[in-house]
Amino acid sequence: MKQVLVALVEDKPGVLNRIASLFRRRNFNIESIVAGHSETPGTSRITIATDEEEHLRRNIIRHNLLKLINVIDVVDVTDRPCVIREQALIKVRANGSIRGEVGDLVKIYRARIVDVSTASLIVEVTGEPDKIDSLIEVLTPFGVVEIMRTGKVAMIRGAVNSSDQEEVIRWKNGNGRNHKQAKK
Amino acid sequence: MANSKRMLKGAEIVWECLVREGVETVFGYPGGAILPVYDALANYSDRIHHVLVRHEQGAAHMADGYSRASGKVGVAMATSGPGAVNLITGMATAMMDSSPMVCITGQVPTNVLGSDAFQETDITGATLPVTKHSYLVMEVDSLANVIREAFYIARTGRPGPVLIDIPKDVQNDVTEFEYPTDPIDLPGYHPPEKATDEEVAAVLELINGADRPLVLSGHGVLMSGARDALIAIIEKADIPVTTTLLGNDSLPHSHPLNLGMMGMHGNASANHAIQGADLIIACGMRFDDRVTGKLKTYSPNSRKIHIDIDASELNKNVRVDVAINADLATVLAQIKPGVKQRKRAEWLKTIQAWQEDATQRDVLQLESETLLGAQVIRSICENIPDDALIVTDVGQHQMLEAQYYSHEQPHTLITSGGLGTMGFGFPAAIGASFHRADREIWAIVGDGGFQMTLQELGTAVQEQANVKIAIINNGYLGMVRQWQQMFYNAHYAETPISSPDYMKLAEAYGVPGYRVDRREDIEPTLKGARRHKGPVLIEFVVEQHEMVYPMVPAGADLHKMIRRPHPEETSV
């Protein structure tokens, strides 16, 4: 599943709460939500993965998000060429004898071992969610102690800013808010 | 002087900013955490009138009623904790009906915030789903700008309630006050304006090509000031109109193209017109379940145009062919020149046949021994001026008002539509009376809803609010009883409700009181009541088992209405 919305929001207290609360009360499901600073000071970019497959329903989510005063823009990147990545830390039960075996698998997945103790090690992996699922699957027989996944982050390919790309399309369609005017 | 820098307390800044926003009336109730603001009121009481309510819910409904009557932002004020929580019903009501309102609440001091301090409630958290936006003001320096933003957000775009929560220490903190004059900077908030040329062209193609077009006129027609433009278009193109409950006064009732209200208790002819139309032009309405009935069978053979200021309403309930997110008045002005003059006699004749069928079962023609709510409401309509304001509560009387009161002028009806808040009507009428003291205002309420907020009689008397209260007393929670009769085997669980002796209640509050239980007494009593300035209470004792017809059961096909049985078949 890769239904993903990317939101640009004002970096203000409670914004994440407003977004999460909106998903809850409108009965939309969040698969993962990741927030962090954007390229513009005072704003954050949030990647929201949802299981809503229907485009029109996702558009309603998008417009509801846009209604939040602190949300500057929301792009549905589901049907766009984009890079989607996730990171995971996977703690595997592994003593001396099988460390080498785990190490080989980790190399195939271009992951890294970032911590070793006598009975376990921690694998760090970055990639498409499918790849992480697959690595977890092959590590499971060794005994997976703990998994921590970050959730998806997404970015549209090419030299466009996610928000600007949307602006161009919106401008062409004349739908939604008129950013060119608003930005002066 | 006006813009010179002064050292002011946060509490004074609140009033300074309200004055600059043009606020003349504030509805509120003091308490511990808002005391500094109330202490500062004395210096501003020559410019702002504070109305002391009897319960904070009343303050919120009054601010809402004031806002709907005046078109200005209504202001309610309360203390922290219980005071703030009591505002929530009013905020939710205003949110659903897009009523611009600013609620100001006191909060516990910032140093104990989050510690479950006395009378602490996370009110910004609690109100998240029922406010358009909210602020918790953590430092006094941001206060003036927050208030300015709050008013701007409340009244623009799709209007709604905005909450400002101010901790007590922020009210006491002193800062250099200068009213901000720079443009409001909200990077994520840009209300839409007009339609694109492509959208206009698409709309015109559909309208000019339609044989059976129908306009659905909602609250947005009134709120965006699009009424005249809409009338011009429908007259030019001979397009009939049906209205929502909140759009009931968006077109003169006597207008030949007005089919009246649609939906669950709408006119049968209007619902048939929706189902039979080949083009629906939805203006400033949101396809609420109470107007659509079952979505699968809703207006099955029509193309649909939807114009709304709120993008999230487009394609939400009903999928449409052309969705325009813009200000309605602007869009109508854009399309008006391109709408072709045309007669649609055949379509109107079809509708007329449906209308004639409906009039046969008009309850006003019925002989009855007891008084009927519909007769009372019709009489009120016939006896008061066109510009009088009607404020209704929620239930059977509300639907009867919508059916039997003819609104000729815009902004003559205030009612709780989306949330259906019982207890709304009376306080909202009091609030509305502060817009224009000389205006005739009638609160038409049921005995159930009135008892929810009748303590506001105290406010009405203290302020000598010019509100005439018409209680349609049937001794039941009538609409709930109607559902029980129709869908729960007439099992009247907890719907019979007693009332106090309303004449004694009126006497206790020092208000003229009348009781009417015969048809011939309605008119003389109305005439008598109208001679009094200030609050008057009239109890109309009506038939207990009256039903509101027609009715589309919830979730049923819109054209499958339960109709009033013919008089020969059964008595009322």
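This is a predicted model: local features need pLDDT of at least 70, side-chain atom pairs count only at pLDDT 80 or more; totals for chains, interfaces and linings use all residues.
Chain A contains six helices and nine strands. Of its 184 residues, 29% are buried. The contact uses 20 residues from chain A and 19 residues from chain B. On the chain B side, eight of these residues are nonpolar, seven are polar and four are charged.

Chain B is assigned three domains: domain 1 (6-177), domain 2 (197-357) and domain 3 (363-541). The centres of domain 1 and domain 3 of chain B, taken over C-alpha atoms, are 30 Å apart. Domain 1 of chain B gives 24 residues to their contact, and domain 3 of chain B gives 24 residues. On the domain 1 side, the elements that supply two or more residues are β2 (25-28), β3 (49-52), α3 (56-70) and α5 (88-96) of chain B. The largest share, 11 residues, comes from α3(B). By class, this side of domain 1 has 10 nonpolar, 10 polar and four charged residues.

Helix packing was examined next. Two packed helices are described by the angle between their axes and the distance between the axes. In chain B, the axes of helix α11 (residues 227-237) and helix α14 (residues 328-335) come within 9 Å. They cross at roughly 35°. The crossing of α11(B) past α14(B) is left-handed. From α11(B), the residues in contact are B:A229, B:L230 and B:I233. They meet B:A329, B:L332 and B:A333 of α14(B). This contact has six nonpolar residues, with no polar and no charged ones.

Nonpolar cores follow. In soluble globular proteins, nonpolar side chains tend to be buried together. The largest nonpolar core here has 197 residues. Those with the most contacts inside this core are B:A59, B:V75, B:A76, B:V102, B:C283 and B:A470. Helix α7 (residues 143-155) of chain B provides the largest share of the core, seven residues. Beyond its neighbours up to four places away in sequence, B:A59 touches B:F27, B:G28, B:Y29, B:V53, B:A76, B:M77, B:A78 and B:L87. Another core, of 12 residues, lies apart from the largest one. Its members include A:V106, A:V125, A:I132 and A:L135.

B:Q275 sits in helix α12 (residues 268-276) of chain B. B:D557 is 282 residues away along the chain, yet the two C-alpha atoms are separated by 9.4 Å. Leaving aside neighbours within four places in sequence, B:Q275 is in contact with B:S299, B:L558 and B:H559. B:Q275 is partly exposed because 18 other C-beta atoms lie within 10 Å.

Finally, some backbone details stand out. Most residues other than glycine have a negative phi, and most peptide bonds are trans. A:N27 is not a glycine, but its phi is positive, at about 65°. A:N27 belongs to the loop between α1 (15-25) and β2 (30-37) of chain A. It has 6 C-beta neighbours inside 10 Å, so A:N27 counts as exposed. B:Q464 also has a positive phi, near 45°. This residue lies in the loop between α20 (457-463) and β18 (467-473) of chain B. B:Q464 is exposed, since 12 other C-beta atoms lie within 10 Å. The peptide bond from B:Y549 to B:P550 is cis, with omega near -10°. B:P550 is placed in the segment after β20 (536-541) of chain B.

Terms used
Residues are numbered from 1 along each chain as its sequence is written. Chains are lettered from A and ligands numbered from 1 in the order in which they are written. Two residues are in contact if their C-beta atoms, placed from the backbone, lie within 7 Å. Ala, Val, Leu, Ile, Met, Phe, Trp, Tyr, Cys and Pro count as nonpolar, Asp, Glu, Lys and Arg as charged, and the others, Gly among them, as polar. Axes are lines fitted to C-alpha atoms, for helices over the stretch in contact, and angles run from 0 to 180 degrees between N-to-C directions. Helices (H or I, at least four residues) and strands (E, at least two) are DSSP runs, numbered from the N terminus. A crossing is left-handed if the near helix is turned anticlockwise from the far one by less than a right angle, and right-handed if clockwise. Domain bounds come from an automatic or database domain assignment. A residue is buried if 20 or more other C-beta atoms lie within 10 Å of its own, exposed if 12 or fewer, and partly exposed in between; C-beta atoms are placed from the backbone. A nonpolar core is a set of buried Ala, Val, Leu, Ile, Met, Phe, Trp, Tyr and Cys residues joined through C-beta atoms within 7 Å.
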